[in-house]
Amino acid sequence: MTAIQVEGVVHDFGPVRALDSVSFVVPTGQVTGFLGPNGAGKTTLMRILAGLVRLQQGRVTVLGRPPGSPGALSKVGAIIESPAFHPRLSGRDNLRYWCRIAGLRPGRVASVLTVAGLGDRENDPVHTYSLGMKQRLGLAAAILNEPELLILDEPQNGLDPAGRALLRRAITNLGSSGAKGERWF
């Protein structure tokens, strides 16, 4: 199965062409990165893949479905730019809220907080979190639904060395076999 298929994608912001006939295929089980200078269209393309930006021209499928469709969204986890959370709620309560919105079981909240390295701070309000801790909380939110595809936009922003090591383990293990949801870390 193909995780991502992009054919001839063009995206303009007024007179600025952010994406110009971009095409590629990512098979399932493969870790792929986008490299390029600031303004090259990497985030725009990830927003299209996550269904956050409307496709202007070309064809895109995510796990065989149109990006942003319910069938695709249920199988994708994503962090695009900086994750946003309610600052007065705890990390745990923010994730419980996300579960309620997405129709997910809240029983995974404790485990994803632990694997993200936030188990000891899960009851603290998010406004007390550092940038790296917020990034870890974003990663925890992205894996709540045990996704088949994980889209990460600059996931190392603000992470300390331990957080970077945790993220590297996650990326290294993405395509490996194992229990669903446990392969992330």
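**Pocket, helix pair and cavity**

1. In this predicted model, the lining of the second largest pocket is made up, by class, of 18 nonpolar and 7 polar residues, with no charged residues. The space in this second largest pocket comes to about 630 Å³, and of the 25 residues that line it, L73, V76, G77, A78 and W98 are the closest to its centre. The elements that contribute two or more residues to this lining are α2 (70–73), β4 (76–79), α3 (91–102) and α5 (131–142).

2. The crossing in which α3 passes α5 is right-handed, and the contact is made by G91, L95 and W98 on the α3 side and by L137, A140 and A141 on the α5 side. By class, this contact of α3 with α5 has 5 nonpolar residues and 1 polar residue, and no charged residues.

3. The structure also holds 1 cavity of 30 Å³ or more, and the volume of the largest cavity is about 50 Å³. The residues that line the largest cavity are I79, Q135, R136, L139, P155, L159, G163, L166 and L167, with α5 and α6 (161–173) as the elements that give two or more residues to the lining. By class, the lining of the largest cavity has 6 nonpolar, 2 polar and 1 charged residues.

Technical notes. Residues numbered from 1 in each chain as written. Predicted model: local features only at pLDDT ≥ 70, side-chain atom pairs only at ≥ 80, totals over all residues. Heavy atoms only, no water. 1 Å grid on protein atoms, 1.4 Å probe; cavity = no way out; pocket = protein on both sides within 12 Å on 5 of 7 lines; lining within 4 Å. Points joined across faces, edges and corners; volume = space filled by probe spheres on them. Helix = DSSP H or I, 4+ residues; strand = E, 2+ residues; numbered from the N terminus. Nonpolar A, V, L, I, M, F, W, Y, C, P; charged D, E, K, R; others polar. Left-handed = near helix turned anticlockwise from the far one by under 90°. Contact = heavy atoms within 4.5 Å.
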